[in-house]
Amino acid sequence: MPSQMKVKTKKVKKVKRKVKGTGESEIKRKKSEKVVGWSWWESIGSPEKVAAPLVNQSEKCFREVVRRYGVQLCYTPMMLSHKVVTDASYRSAVCDILKDEKHIIAQLAGKNVDYICKAASLISDSCTAIDINLGCPQTIAKNGQYGAFMSDESAFEAIKRLSKEISCPVTAKIRIRETPSKTLKYLNSLLDAGVSMICIHGRYVTQRAVVPPHWDHVSEVLRMFSSGGKTPVPIILNGGVTDITSFQSVLNIPNCAGVMSGEGLLVNPALFKPDVHFRHPAELYLKLCSDSKYSPSHISIPRKHVYYIFRHLWDQNIDQYDILIAASEVEQLIKISETVIKRLDENHKHVIEKDVPRKGGRPRRRTKAGHLAPPAIGGLGAADDG
């Protein structure tokens, strides 16, 4: 029998500090009741459509676009906890939560529990919840021992401490383990540590997007995790959600509270509005990039968004792809977008399915799926956690 949440609220720990020169104690955070679990989830509208945390790509401009096309809950980009604590410029760049932004979860990654807790204390007042990344499968995460490679002991300790020390709920994003019983055991340990919501990615740590998610595994886990027709905390599911059909299919899994999309939204920010042509979110995104309120911290961020939105058209627009790779201003991205859309309207293929070599004869890079490779992200690359 899975462990159950006995209460829907938690008391925030009292933290006292001396007021210099008076000898009096000041309550830094007043004793209050913190809404957690299902009560918290319902207080933010029980969101079913969720945008994933994306390294350097789920920034404020992109979040605003996907919200206008139906997303109900967003995450910040993944933030390395030790850099949030030690590098103010990094913190201001990646933790770009707007003052009037609602329903936003800030995701932290790291192997050092003290850094995670300190980072959370610096940003928790501006977000809806703090999420601990326990699912990133990338090599850089393995080298840094964070994400899917963070030790269970450290993960549980971080969640226990945060659930007592910060004023907002704590959530976790994970991947499935080797068997349903092992995944269930992990969920119960996270529950006992104090999580208010868990996002489950339906693939193993060793698998990438070319492998379909294991929804049979996930369904069995949720069946065992639930009691009385409901899981102890909300569970949202992630993996392979690329259109409205796959979204609805995953949402229909019993005990699924919401569905998260990552790359699906990168390619089509209007994924949840299937009647909207992809040109419209592209135009909206670039318009917002020119607004100081939403402008990204580095040109490589919108450059990569434009790449993803038009990814299926670059082979027919290789000249524009080459301009994109070197683009240094938003105005260039706007012109590229306008050119590609105009050619599409005219049913014109500028380059007929042929990757003409660039000057010097060096071939263009391609992904394993055969797409022309995305432009590099500059300035905010991830680094091993300390």
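Start the tour by selecting Q145, which you'll find in the loop between α6 (139–144) and α7 (152–165). Helices here are DSSP runs of H or I with at least four residues, strands are runs of E with at least two, and both are numbered from the N terminus. Check the backbone: Q145 has a positive phi of about 60°, although it is not a glycine. With 37% relative accessibility, Q145 counts as partly exposed. On this scale buried means under 20% relative accessible area, exposed means over 50%, and partly exposed is in between (1.4 Å probe, protein chains only).

Two notes before you move on. This is a predicted model, with residues numbered from 1 along each chain as its sequence is written, and local features need pLDDT of at least 70, while side-chain atom pairs count only at pLDDT 80 or more, and totals for chains, interfaces and linings use all residues. Side-chain values use heavy atoms, with hydrogens and water left out.

**Stop 1: another positive phi**

Now go to S46, in the loop between α1 (37–43) and β5 (49–51). S46 is not a glycine, yet its phi is positive, at about 50°. Its relative accessibility is 31%, so S46 is partly exposed.

**Stop 2: helix α8 and its neighbour**

Select residues 180–193 for α8 and residues 215–225 for α9. Two packed helices are described by the angle between their axes and the distance between the axes. For α8 and α9 the angle is about 50°, and the axes are 9 Å apart. The axes are lines fitted to C-alpha atoms, for helices over the stretch in contact, and angles run from 0 to 180 degrees between N-to-C directions. The two helices α8 and α9 are therefore oblique to each other. For the cut-offs, under 35 degrees is roughly parallel, over 145 roughly antiparallel, 65 to 115 roughly perpendicular, and the rest oblique. The crossing of α8 past α9 is right-handed.

Y186 is buried, at a relative accessible area of 5%. What lies over the face of Y186? Show R177: it is there, at 3.7 Å from the ring centre. A charge counts as sitting over a ring if NZ of Lys or CZ of Arg is within 6 Å of the ring centre and within 35 degrees of the ring normal.

Draw a C-alpha to C-alpha distance from S189 to F156 and you get 7.3 Å, for residues 33 apart in sequence.

**Stop 3: a lysine over a tryptophan**

The charged end of K230 sits over the ring of W38, 4.4 Å from its centre.

**Stop 4: the aromatic cluster**

Next, select F278, F310, W314 and Y321, which ring pairs link into a cluster. The structure holds seven aromatic pairs. One of them is F278 with F310, an edge-to-face pair at 5.9 Å centre to centre and 80° between the planes. F278 is in the loop between α11 (263–267) and α12 (279–289), F310 is in the loop between α13 (300–309) and α14 (318–326), and the pair links these distant parts of the chain, 32 residues apart. Rings of Phe, Tyr and Trp (its six-membered ring) pair if their centres lie within 6.5 Å; planes under 30 degrees apart are stacked, over 60 edge-to-face and the rest tilted. F278 is buried at 15% relative accessible area, and F310 is buried at 0%.

**Stop 5: α13 and α14**

Colour α13 and α14, which pack at about 155° with their axes 9 Å apart. That makes α13 roughly antiparallel to α14, and α13 passes α14 in a left-handed crossing. In α13, click on I301. I301 is buried, at 3% relative accessibility. I301 and F62 are 239 residues apart in sequence, but 9.7 Å apart in space, C-alpha to C-alpha.

**Last stop: the cysteines**

C61 is buried, with a relative accessible area of 0%.

Note on methods
A crossing is left-handed if the near helix is turned anticlockwise from the far one by less than a right angle, and right-handed if clockwise.
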